[in-house]
Structure formats: structure tokens, C-alpha cells
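Subject: Structure for your review

Dear colleague,

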Amino acid sequence: MSEVRKIGLAHWGAFEATVVDGRLVAAEPLAGSGADPDMIGAWPALVYSKDRIDRPHVRESYLKHGPRAGGAGRGREPMVPVDWETALDLVAGELRRVHGEFGPTSVFGGSYGWSSAGRFHHARTQVRRFLAAAGGFTDQVGNYSWGAAHAILPHVLGSADAVSGAATAWDTIAEAGDAVVAFGGLNPKNWHITSGGAVDHHLPEAVARAATRGVRFTVVSPFADDVPPGLDATLIRPRPNSDTAIILALAHEAVATGRADREFLDRYTSGAETFIAYLNGDRDGQPKTLDWAAEIADLDVAELRRLWDTVRTGRVMLTASWSLQRAEHGEQPFWALIALAALLGQIGQPGGGFTFGYGSMNGVGEIARKGYVPAMPGLPNPNGMGIPVAAFADAFLHPGDAIPFNGRSVTYPDVRLVYWAGGNPFHHAQDLGRLEEAWQRPETIIVHEPWWTPTAQRADIVLPATTSVERNDIGGSSRDPYVVAMPRMIDPVGEARDDFAIFRDLADRLGCRAAFDEGLDEEGWLRRLWSQTEARGAAEGINVPDFETFRSDGLWRVPAPATPEVLLADFRADPDRAPLATPSGRIELASPAIAGFGYETVPPHPAWLAPAEWLGAAGPDELHLVTNQPAKQLHGQLYQALPHDGPTPVAINPEDADSRGIADGDIVRLWNGRGACLATARLDDSLRPGVLIMATGAWYAPGDDGVERNGNPNVLTASRRTSPLGQACAALSALVRIAPETDTLKRTA
Ligand SMILES: Nc1nc2c(c(=O)[nH]1)N[C@H]1C(S)=C(S)[C@@H](COP(=O)(O)OP(=O)(O)OC[C@H]3O[C@@H](n4cnc5c(=O)[nH]c(N)nc54)[C@H](O)[C@@H]3O)O[C@H]1N2
Ligand SMILES: Nc1nc2c(c(=O)[nH]1)N[C@H]1C(S)=C(S)[C@@H](COP(=O)(O)OP(=O)(O)OC[C@H]3O[C@@H](n4cnc5c(=O)[nH]c(N)nc54)[C@H](O)[C@@H]3O)O[C@H]1N2
Ligand SMILES: [Mo]
């Protein structure tokens with residue numbers, strides 16, 4: 001018997017795996033890392049899941065008729081196993097045909113999704129490199145996580161850094177802070193995950209340290225789960241999507257009470273007069289007072305007065321989770337929070353100002369030196385185009401339509417072929433019933449997956465991909481102090497192949513191999529990537545181990561920077577020498593550029609706009625459905641490897657449950673005009689009445705009656721997007737009804 005232990009990395013943390021006679025038998029969190037043992041422990045079940053795809057498969061009628069088969073049978077017909085040569089010839093032939101007949105933009109290859117950790121074998125990076133090398137494709141712009149922020153922040157701060165990487169370190173809050181106000185809270189479940197994977201998972205300790213030093217916490221969220229266990233925090237439970245009104249009212253209070261820092265506004269911002277005129281109601285006649293906000297948020301105004309007392313004095317950190325901006329008008333809460341922080345005048349100071357996403361992902365506010373995790377370079381896509389990430393189903397349904405997007409117009413391409421590797425649109429897209437319809441439109445759909453996800457089930461050609469333990473890689477996150485060598489631990493399961501190897505063979509067939517692989521194999525690429533890390537070290541005078549040493553050590557801890565990061569500290573120190581990349585060089589509290597776009601629903605300053613679906617517009621029996629991230633999964637990942645006791649739990653206040661005859665543990669049905677799904681009721685009196693909370697992540701499984709069985713809430717969410725500015729995912733604005741599922745109960749009795 002041979003037993004070896006190897007270090008690996010997932011988006012859910014670093015682990016030590018035990019491999020016995022070539023089989024991965026156990027995995028545990030790397031000692032001291034703080035990663036979640038359930039998620040890490042699921043590795044063997046994941047790798048050897050009965051849902052692994054063993055061989056290439058082609059949909060039955062597609063095998064017979066090719067692209068003339070039509071899309072109606074997707075997900076219904078049997079999938080027929082074929083050998084690799086047949087499958088690769090089929091894919092190469094289709095790409096050649098569609099490129100030739102319809103041009104590069106008819107190939108949709110944005111392939112949004114998290115794939116797995118590991119920079120080289122990152123599936124989404126590989127598919128986009130391949131399609132670019134093969135002549136171009138339609139890409140997706142932005143992301144689901146913080147698409148609205150990605151669009152608004154460059155107008156306000158000159159870049160999206162404040163959501164994509166930059167954050168004030170927790171240590172500075174413990175040192176210098178008096179209060180943290182967290183809109184959307186600090187839900188510790190989100191700290192299991194880091195994009196790219198991390199070793200350190202120490203935010204619970206960082207928060208506890210700040211609390212021990214006397215920092216007071218306020219959580220603004222409909223849900224007590226958003227307060228870390230053991231943290232003594234004040235909880236304010238507003239209506240979902242009403243945060244902007246609360247933030248604006250605090251800003252108004254700052255102006256009305258003379259607390260506004262005029263010096264800061266003069267030196268560091270532009271457009272303050274326009275914004276203040278809006279707060280005062282100069283044009284709409286409505287001063288944005290605490291009373292005004294209390295009515296919108298349906299709170300006792302005394303709670304907001306106490307909140308104002310908290311932010312008015314001392315060093316205050318204002319933070320918002322990313323969830324706030326995945327809602328209609330999601331650009332506004334982030335812009336408003338920056339504006340409030342500007343009025344308080346603490347931006348760029350330790351422990352004060354604002355930072356986005358402390359509660360959204362592990363590593364936000366962690367101390368780490370940036371630029372040491374190498375990045376797999378992309379390839380230019382000169383004959384292609386890009387559409388907003390969350391607009392793809394719309395594009396399939398309405399080729400030729402033009403939509404406004406951040407001051408431009410984007411015309412939807414005529415998509416004939418879809419190529420997806422490393423994402424699960426039947427997990428991540430809103431209004432899945434509508435996606436089912438859109439998904440029938442293209443002539444050919446190709447998916448690479450290790451598992452039979454709902455998306456793989458709905459493809460014409462499915463190619464089985466390896467998992468990250470079946471190949472060599474380098475991984476890590478800019479929010480973590482480590483770079484991890486990810487060694488191949490086991491042979492590929494079944495006939496699975498690396499995405500890279502699949503694309504290389506396709507590139508051979510299409511005559512674009514040199515452009516795709518640049519003459520390098522896996523080993524050559526890993527060495528090239530490591531040379532990026534070495535170059536970074538050389539430039540900063542940091543000693544980087546050579547590749548062999550790195551590989552034999554399994555990981556390398558990058559020395560910590562001398563001082564913890566403070567967001568916008570350079571700008572604060574000297575705004576003339578370090579101006580922002582905005583037109584004014586300052587923080588824009590009003591944006592002439594946005595004014596120039598003339599969007600009715602995006603005023604040129606932060607503003608309250610009611611969404612179409614929220615409690616302020618609910619019918620008598622309707623509740624606001626919040627769909628958050630799953631605690632023990634990464635999106636749809638790990639669903640096949642962890643136990644499920646019935647459909648996804650939905651949290652409901654006992655008041656709402658009683659009036660509908662729902663008891664704890666009941667199977668319930670949620671529905672609206674878009675669709676219906678089952679869920680398991682969990683009564684929770686910490687939840688604001690009128691609100692339901694249900695995590696994403698269940699594998700979409702509609703029954704013959706159209707009711708989704710596993711509890712995937714995206715059959716209920718709207719495909720309506722944030723605004724013409726962001727065109728981003730707005731999943732968190734949805735109204736639904738809920739009732740006991742008597743039919744199901746009868747059937748299972
Ligand atoms: N209602 C609602 N919907 C949401 C959200 C919400 O808050 N509410 N959140 C949104 C957000 S923020 C996000 S980021 C998205 C996430 O949506 P996705 O990123 O699409 O979700 P994942 O399940 O991570 O999908 C990654 C897929 O890649 C596959 N995979 C893993 N490794 C490999 C590999 O090596 N090769 C290949 N070919 N495939 C691989 C996995 O099996 C998995 O199916 O969901 C969005 N959807
Ligand atoms: N365990 C786990 N962690 C994850 C992920 C995962 O799949 N699993 N996914 C990762 C990814 S891709 C992303 S983008 C991040 C997302 O990070 P977030 O978007 O911050 O996470 P969510 O869990 O969607 O939402 C956090 C909380 O916001 C609250 N909330 C929702 N709507 C509102 C509102 O209108 N107002 C207020 N005040 N609060 C509201 C909800 O109660 C919810 O619990 O999470 C990351 N972390
Ligand atoms: Mo995300």
C-alpha cells in the first residue's frame with residue numbers, strides 16, 4: 001500500500017489530501033488555516049461522485065442530425081457516449097462552420113463562472129483564450145458578484161479597485177476604529193470562500209479583535225444570521241433594497257447638523273453642491289430626513305436616530321456587502337455610501353471611511369502583499385465583442401436588439417453556437433424558465449464539465465473535464481499571503497481530460513495551435529507563470545524561491561507589506577499628486593458623465609429610486625425573497641457531494657408562517673409569475689417579517705408540472721437588470737408567494 005499526503009487548493013480553502021494507492025481517500029483543512037472542514041472533507045465525494053462525466057457525450061438527435069436537430073430536445077433526450085476523436089471532430093467542425101457562415105460574434109464564449117482554483121487550468125480563462133485564438137467570439141463583460149459596482153465606481157472613484165481588490169485592513173479598525181456600520185452585515189458563511197483560493201481564513205478573529213478593543217458594531221440587514229456568532233452588535237432590520245434611503249438620510253443629517261466636513265468636501269470631492277441640493281429636496285421638495293427614510297425602510301425613526309448617533313462621532317468604518325448592489329438600482333447604495341463617508345471626512349484614514357465587501361468574501365481586509373499570484377494572460381479578441389454578463393439569455397432571445405450600457409449602445413449578436421467551460425448558467429442566471437426558452441435558440445451548445453450539472457445535461461456535446469486534483473497548477477488569491485503549488489494527486493477519473501488539453505487538440509484541428517498554447521505544455525506554462533512571481537519579487541526586492549523549491553515546499557508565504565492597507569490613503573495624503581482617474585480627479589458626488597448619458601433611472605448623483613419589486617410595492621400576500629450564497633457550497637459546486645435533507649431551506653418569520661399554515665420543516669411551494677419551486681420551511685423569528693431568505697446552489701430540477709424540485713430560487717428571480725448604467729444582475733429584487741406543498745405531502749405520504 002502506498003500512502004502520500006499532498007497540499008491542494010480550492011476556492012473554499014487549502015487542504016491536505018491523503019492518497020492511498022492512487023485514490024484520494026480523505027482531505028482536511030490545512031492545519032491552522034481556518035477553512036471549513038465540511039467543504040474540504042467533501043473532496044473524495046466530489047472527485048468520485050456518481051455525477052462525474054466518464055466520457056464525451058452527444059445528445060441523441062444531435063448525433064444524428066447535427067445542428068439541424070433543433071434545440072427543443074436539450075435536457076430531455078438521452079446523451080449518447082462517443083469516443084474523444086468523434087467528439088473533437090464534431091466540435092472543431094461546428095466551430096469552423098459557424099465561424100465561416102456567420103462570423104466570430106455568432107460564437108458565444110463568455111462562459112461566465114468560477115471554474116476552479118488554479119491559475120493555469122482556470123477553465124473560463126482557457127476557453128476564452130482558445131476562442132480568441134480560433135478567430136474571435138462574443139464575450140461577457142463584468143461579473144455577477146459586483147456588476148453594478150464595476151460600472152458605477154469608475155465614475156465615482158476612477159476605478160473599480162474598491163470592490164475588486166482594495167480594502168482597508170481590519171487591523172486598522174482594531175487599532176483606530178470606534179464603530180463599524182455594516183449594511184448587509186458580516187455573514188461568516190461567506191468567509192469560507194476566496195476567489196482563487198486562500199490559505200488564511202482568519203476574519204472571525206479579526207472582527208473579534210476589533211470588538212475586544214471596543215469597536216462597536218451595527219449590522220443593517222433583515223436577517224440576524226448576518227451578525228457573526230458571539231459578536232455583540234446592534235441589529236437594524238430594514239426592508240430589503242431600502243438601504244440607499246437610510247444612507248441618504250444619514251448624509252442629510254450630516255449636512256443639517258453641521259457635521260459635514262466641508263474641508264474634506266472642498267479638497268477631495270466634486271459635485272457636493274448638487275448632491276446636497278438633492279438631500280435638501282431643492283428640486284423634488286422632499287428633504288431626505290430620517291423620518292423620510294424610516295417610512296421607506298419601515299423602521300422606527302428612533303432606530304435611525306441611534307444609528308446617526310453612532311456615525312456622527314469617532315472613527316467610523318462604513319461598509320456594504322456586495323449583495324446590496326445585486327438589486328434593481330444596485331449602483332445607488334454603493335455611491336451613496338461613498339458620499340456619506342465623504343461627508344464624514346474619514347476616507348483614507350486608518351479604521352475609517354468606507355470599504356466594500358468585508359462581509360462578502362474571505363480575505364477582504366486581510367493583510368497581503370499584492371501581485372505575487374501569477375495571472376494567466378488572456379488573448380486579444382479583435383473580431384469579437386462583449387455583452388453585459390447577465391444579458392446573455394436576452395441576447396439569445398433577441399438578436400439584433402440594441403441596449404444602452406454605461407453610455408454606449410450594445411447590439412446583441414446573432415448567437416448560433418454556445419461554448420461553456422467552467423460555469424453553470426442553470427445555477428447562476430435569473431428567471432431560469434426564461435433561460436430554458438432562450439437555451440433552445442442556438443444551433444449548437446458545447447459544455448466542458450467534470451459533472452452532470454443541469455447545464456451539462458442541457459448541452460449537445462459534453463466533454464468531461466478533469467478536476468484540479470487531477471493536474472498540476474499554481475493557485476492563490478491577491479487577498480491572501482500565500483501562493484500554492486497545486487500538484488496532480490491522482491490520475492484523471494474516467495476519460496476526463498484537462499480543458500487545456502482539449503483546447504490544444506481542437507486548436508490543432510483548426511490550425512491555431514501556436515496562437516493558443518504559444519508552444520508551451522503544462523510544465524512550460526507553470527514555469528512561465530512562476531517567472532511572473534519571480535519578476536515581481538525582483539522589482540520589490542523580495543526573495544522568491546526558485547520553482548523547484550516552491551514545488552517541493554508545496555506553498556510559499558509572501559512576506560507581509562510593511563504597513564496595512566488603508567483604502568485611498570495616497571489620495572488623502574496628496575490629491576494633487578495622487579489624483580483619482582475621474583474627470584475631476586476627485587471623488588465625484590455628482591457625475592457630469594452620468595448626467596450626459598441622460599438615463600432617466602440613473603440620476604447624476606446618488607439617489608433613492610424604488611425598485612419595481614420590493615415590499616413597498618408588494619401585493620397583500622407577497623413576500624420579498626432574498627437569495628443569498630449557500631453556507632456549505634460554492635454556488636452550485638459541492639451540491640453533488642454534500643447531504644441534503646429535502647429541498648433548500650427557506651427562512652420565514654413565524655408570523656408569516658402561521659398566517660399561511662406553515663410549520664417548521666414543512667415542504668413549501670414558492671411561486672410568482674415567473675415560476676415555482678419547492679423549499680423546506682425554517683421558522684426563524686430573527687428574520688424581518690415579510691422577508692424570505694433562501695440560498696442559491698441547488699441543482700435545477702424542474703418536474704413535469706414545471707415546479708422546480710430541489711429548491712433553486714432562480715426560477716423566481718427576475719432577469720431585469722440593475723439599470724442601463726450597470727446592466728448587472730439584480731437577483732435580490734423579487735416578490736413571491738409561499739404556501740404548504742400539500743400535493744407533495746400527499747405524494748410522499
Ligand atoms: N438568485 C441569485 N443568483 C445568483 C447569485 C445570487 O446572489 N442570487 N449570485 C451570483 C453570483 S455572485 C455568482 S458569482 C454566480 C456563480 O455562478 P457560477 O460561477 O456559474 O457557479 P459555479 O457553481 O461556481 O459554476 C462553476 C462550474 O464550473 C465547474 N468546474 C469546476 N472546475 C472545472 C474545471 O476544471 N473545468 C470545467 N470545464 N469546469 C469546471 C463546476 O462544476 C461548476 O459547475 O451566481 C450568481 N447567481
Ligand atoms: N459559503 C459561501 N460563501 C460565498 C459564496 C458561496 O457560494 N458560498 N459565494 C461568493 C461569491 S461569488 C460572492 S459574489 C459573495 C457574495 O457576497 P454577498 O453578496 O455579500 O453575500 P450574500 O450571501 O448574497 O448576501 C449577504 C447578506 O446580505 C443580506 N441582504 C440581502 N439583501 C439585502 C438588502 O437589500 N439590504 C441589506 N441590508 N441586506 C441585504 C442578506 O441577509 C444576506 O445574508 O459571496 C462569496 N462567498
Ligand atoms: Mo459572485
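This is a predicted model: local features need pLDDT of at least 70, side-chain atom pairs count only at pLDDT 80 or more; totals for chains, interfaces and linings use all residues.

Ligand 1

There are 35 residues around ligand 1, and the closest are His428, Glu449, Asp499, Gln637 and Asn714. Asn714 places a polar side-chain atom 2.6 Å from a nitrogen atom of the ligand. The side chain of Ser116 has an N or O atom 3.1 Å from a nitrogen atom of ligand 1, while a backbone N or O atom of Trp114 lies 2.8 Å from an oxygen atom of ligand 1. On its own ligand 1 exposes 920 Å², of which the protein buries 98%. By class, its shell comprises 10 nonpolar, 21 polar and 4 charged residues. Helix H17 (425–428) and strand E18 each contribute at least two residues to this shell.

Ligand 2

For Gln633, a backbone N or O atom is 2.7 Å from a nitrogen atom of the ligand. A polar backbone atom of Val220 lies 2.9 Å from a nitrogen atom of ligand 2, and a backbone N or O atom of Gly184 is 3.3 Å from a nitrogen atom of ligand 2.

Glu443

Glu443 sits in the loop that runs between helix H18 (432–439) and strand E18 (444–449). Its relative accessibility is 19%, so Glu443 counts as buried, the cut-off being under 20%. The Glu443 side chain forms a polar contact of 2.7 Å with the side chain of Arg97. Beyond its neighbours within four places in sequence, Glu443 is in contact with Tyr62, Pro67, Arg74, Arg97, Phe102, Arg416 and Asp460.

Cysteines

How many disulfides does a search of the whole structure find? The search finds 0. In the case of Cys677, the closest cysteine sulfur belongs to Cys729 and is 16 Å away, which is too far for a bond because a disulfide requires the two sulfur atoms to be within 2.5 Å. Cys677 has 0% relative accessibility and therefore counts as buried. Cys512, at 8% relative accessibility, also counts as buried.

With kind regards

Definitions and conventions:
Residues are numbered from 1 along each chain as its sequence is written. Chains are lettered from A and ligands numbered from 1 in the order in which they are written. Side-chain values use heavy atoms; hydrogens and water are left out. Buried means under 20% relative accessible area, exposed over 50%, partly exposed in between (1.4 Å probe, protein chains only). Helices (H or I, at least four residues) and strands (E, at least two) are DSSP runs, numbered from the N terminus. A polar contact is a pair of N or O atoms within 3.5 Å; within protein, one must be able to donate a hydrogen and the other to accept it, and residues adjacent in sequence count only if both atoms are side-chain atoms. Contact means heavy atoms within 4.5 Å. A residue is near a molecule or strand if one of its heavy atoms lies within 4 Å of it. Accessible areas come from the Shrake-Rupley method with a 1.4 Å probe; for residues, only the protein chains shown count as cover. Ala, Val, Leu, Ile, Met, Phe, Trp, Tyr, Cys and Pro count as nonpolar, Asp, Glu, Lys and Arg as charged, and the others, Gly among them, as polar.
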